[in-house]
Amino acid sequence: MRVFFVFLVLVIFNSCDKIPFLKKQNLPQLDTIVDFTSVDTSPSFKVCDSIFDKAKKSDCFRKIIHQKIGGELLKHQFNIKDTINETVYVDLIIDASGKIILDSIQSSENIKKQLPKLDSLIKFSVENLPIIFPAIKKRYKVSTKYQLPIRIFLKD
């Protein structure tokens, strides 16, 4: 009887992989090494989406985003006391759905004093950007961070 019981226990433990709900699913193995510093396809506007060359597509994106935000800032007149020749850095996050989020604005104290409305104008410009197609990494849409340098040159 003991031999039968030991035999039964061995059969049960060895046959667990034969039960369908316990079988491992045949999932494709994912590549575990991913370079997060680059993307396969950079974010793009609808105009740039037909470009296949990676560098040209990225240049097109940069050119249009600079034109849109710079053009919006040029619509406004600023009253200043001293000449300004500085660069403001705007950090944007383009999430996986294509939504643009203003992360931060880095400017000097001089610009903050002389152009107190600049931050709100930049925020307004970012909110009014056209639809953006997100970056793609390994066939998946991914979030990216983009730093936009804006040169401010104003004479009094």
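How many helices and strands does the secondary structure of the chain come to? I counted four helices and seven strands, taking both as DSSP runs numbered from the N terminus (helices: H or I, at least four residues; strands: E, at least two).

**Ground rules.** This is a predicted model, where local features need pLDDT of at least 70 and side-chain atom pairs count only at pLDDT 80 or more, while totals for chains, interfaces and linings use all residues. Residues are numbered from 1 along each chain as its sequence is written, and side-chain values use heavy atoms, leaving out hydrogens and water.

**Whole chain.** I read the pattern along the sequence as α-β-α-β-β-α-α-β-β-β-β. Of the 156 residues, 28% are buried, meaning under 20% relative accessible area with a 1.4 Å probe and protein chains only (exposed is over 50%, partly exposed in between). The chain exposes about 12000 Å², with 58% of that supplied by carbon and sulfur atoms; the areas come from the Shrake-Rupley method with a 1.4 Å probe, and for residues only the protein chains shown count as cover. I also looked up contacts (heavy atoms within 4.5 Å). Among those between residues at least 6 apart in sequence, 72% join residues at least 24 apart.

**The sheet.** Next I looked up the strand order. I found an open sheet of three strands, β3-β2-β7, paired antiparallel; two strands pair if DSSP finds at least two bridges between them. β3 (100–106) and β7 (144–154) are the edge strands, each with a single partner, so one side of each has no neighbour in the sheet. The twist averages 25° from one strand to the next. For angles, axes are lines fitted to C-alpha atoms (for helices, over the stretch in contact), and values run from 0 to 180 degrees between N-to-C directions.

**β2 against β3.** Strand β2 (residues 84–94) is joined to β3 by six bridges, and the two run antiparallel. I noted Ile94 opposite Ile100 in β3, and Leu92 with Leu102 in β3 as its bridge partner. The β2 and β3 hairpin has five residues between the strands, and Gly98 there takes a positive phi near 95°.

**Helices on the sheet.** Which strands does helix α2 lie across? Helix α2 (residues 54–74) lies across β2 and β7, at about 45° to β7. Helix α4 (residues 118–127) also packs on the sheet, where it touches β2, β3 and β7, and its direction makes about 155° with that of β3.

**Aromatics.** I found two aromatic pairs, where rings of Phe, Tyr and Trp (its six-membered ring) pair if their centres lie within 6.5 Å, with planes under 30 degrees apart stacked, over 60 edge-to-face and the rest tilted.

- Phe45 and Phe61 are stacked, at 5.3 Å centre to centre with 25° between the planes. Phe45 sits in strand β1 (residues 44–45) and Phe61 in helix α2, 16 residues apart.
- Phe45 is at 2% relative accessibility, so I log it as buried. Phe61 is at 3%, so Phe61 is buried as well.
- Phe61 and Tyr146 have ring centres 5.4 Å apart and planes at 75°, so this pair is edge-to-face. The pair links helix α2 to strand β7 across 85 residues.
- Tyr146, at 13% relative accessibility, counts as buried.
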